[in-house]
Amino acid sequence: MEFTLDEMREHLAALEARIGEACKIAGRSRESVKLVWVSKFHPAEAVENAIALGATDFGENRVQEAELKFSEPRTAKDGSRVRCHVIGPVQSNKLKKAALVADCIHSIASIEAVEKLEKVCAAAANGQGKILDILFQVNAGEEETKSGLDVHEAEAFLNDLAAKAGAAVDGKSENFPHLRFRGLMTIGKNTGVPEDSRECFAFLRGLRDKFLAKGGAFAKFDQLSMGMTLDLEVAIEEGSTMIRVGTALFGERDYSKPVNDPV
């Protein structure tokens with residue numbers, strides 16, 4: 001059942017307390033962790049309530065839902081533009097739509113997808129172009145049900161990407177000028193025990209740090225999208241810069257009902 005605005009406010013306060021405590025333990029500032037409200041399968045009214053409570057960033061698993069809710073620009077409470085994050089795997093035939101609606105895609109895992117996104121973004125806005133942030137998903141927990149780069153092949157993939165990017169200065173590359181390589185994403189282990197995800201979160205941080213230090217195309221490679229409701233404390237302790245939270249903020253999803261009409 002969807003939370004009312006007052007219920008969302010109450011749950012947000014509880015979540016903020018958890019995030020704040022985790023940041024304190026990790027010796028980090030609260031501002032170093034972005035909260036992405038995962039609005040998948042929640043209606044437009046829930047998104048409006050979240051914006052009223054100060055939400056600025058929303059995550060959608062399905063491109064179709066992202067289009068329904070975020071094709072038209074929205075303004076956050078602080079006056080900034082609401083950002084749409086596509087956080088689920090994107091099929092090749094959906095990459096164009098994903099690139100046009102999203103401000104950031106978290107789930108890229110192939111060179112082919114990078115090349116296609118560059119073409120789409122170069123042609124966007126009637127040829128004026130669009131800059132898109134992308135993160136690369138790594139299956140750091142090595143679970144068969146999870147998408148992403150194989151943990152043993154992720155470093156080789158990023159090295160190959162750097163070679164294909166060509167000459168680069170301060171995060172802008174010769175061959176992918178409309179894409180910003182911003183970091184890595186992973187999903188913690190599905191064991192119900194947050195501590196079980198620490199090793200894969202730490203691995204991701206180490207990989208991120210290694211490529212951030214290279215500069216060039218990776219000069220802006222400072223983001224780690226990891227941690228959800230259950231394991232956000234461990235993720236923050238291991239350096240997450242973006243946590244993805246849905247049910248704890250919006251309430252239980254009703255998968256039997258279609259998402260409401262475009263807004």
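Biologist: How does Ala125 count, and at what relative accessibility?
Modeller: This is a predicted model, in which local features need pLDDT of at least 70, side-chain atom pairs count only at pLDDT 80 or more, and totals for chains, interfaces and linings use all residues. Residues are numbered from 1 along each chain as its sequence is written, and side-chain values use heavy atoms, leaving out hydrogens and water. Buried means under 20% relative accessible area, exposed over 50%, and partly exposed in between (1.4 Å probe, protein chains only). Ala125 counts as partly exposed, at 49%.

Biologist: Where does Ala125 lie?
Modeller: Helices (H or I, at least four residues) and strands (E, at least two) are DSSP runs, numbered from the N terminus. Ala125 is not a glycine, yet its phi is positive, near 55 degrees. Its place is the loop between helix 5 (111-123) and strand 5 (132-139).

Biologist: Which loop holds Asp170?
Modeller: Asp170 is another non-glycine residue with a positive phi, about 50 degrees. At 52% relative accessibility, Asp170 counts as exposed. Its loop runs between strand 7 (168-169) and strand 8 (172-173).

Biologist: Is Val82 buried or exposed?
Modeller: Val82 sits in the loop between helix 3 (63-70) and strand 3 (83-86). Its relative accessible area is 6%, so Val82 is buried.

Biologist: Which residues does Val82 touch?
Modeller: Contact means heavy atoms within 4.5 Å. Not counting residues up to four places away in sequence, Val82 touches Ile51, Thr56, Phe58, Phe70, Arg74, Thr75, Ala76 and Asp103.

Biologist: What covers the buried residues of helix 3?
Modeller: Helix 3 is mostly covered, with 6 of its 8 residues buried. Those are Val63, Glu65, Ala66, Leu68, Lys69 and Phe70. Their cover includes helix 2 (44-52), strand 2 (57-60), strand 3 and helix 4 (95-101).

Biologist: Which residues touch the most other members of the largest nonpolar core?
Modeller: In soluble globular proteins, nonpolar side chains tend to be buried together. A nonpolar core is a set of buried Ala, Val, Leu, Ile, Met, Phe, Trp, Tyr and Cys residues joined through side-chain atoms within 4.5 Å. The largest one here has 71 residues. Those that touch the most other members are Trp37, Phe58, Ile105, Ile134, Phe136, Leu158 and Phe181.

Biologist: Which residues does Trp37 touch?
Modeller: Trp37 belongs to that largest core. Residues up to four places away in sequence are left out of its list. Trp37 touches Met8, Leu12, Ala50, Leu53, Ala55, Asp57, Phe58, Gly59, Val245, Leu249 and Phe250.

Biologist: How far apart are the C-alpha atoms of Arg9 and Gly54?
Modeller: Arg9 is in helix 1 (residues 5-26). At 42% relative accessibility, Arg9 counts as partly exposed. Arg9 and Gly54 are 45 residues apart along the chain, and their C-alpha atoms are separated by 10.0 Å.

Biologist: What is the radius of gyration of the protein?
Modeller: The protein has 9 helices and 11 strands. The radius of gyration is taken over C-alpha atoms, and the globule rule is 2.2 Å times the number of residues to the power 0.38. For 263 residues the rule gives 18 Å, and the protein is close to that, so it is as compact as a globular protein of that length. Its radius of gyration is 18 Å.

Biologist: What share of the residues is buried?
Modeller: The C-alpha atoms fill a box of roughly 50 × 45 × 35 Å, taken along the principal axes. Of the 263 residues in the protein, the buried share is 48%.
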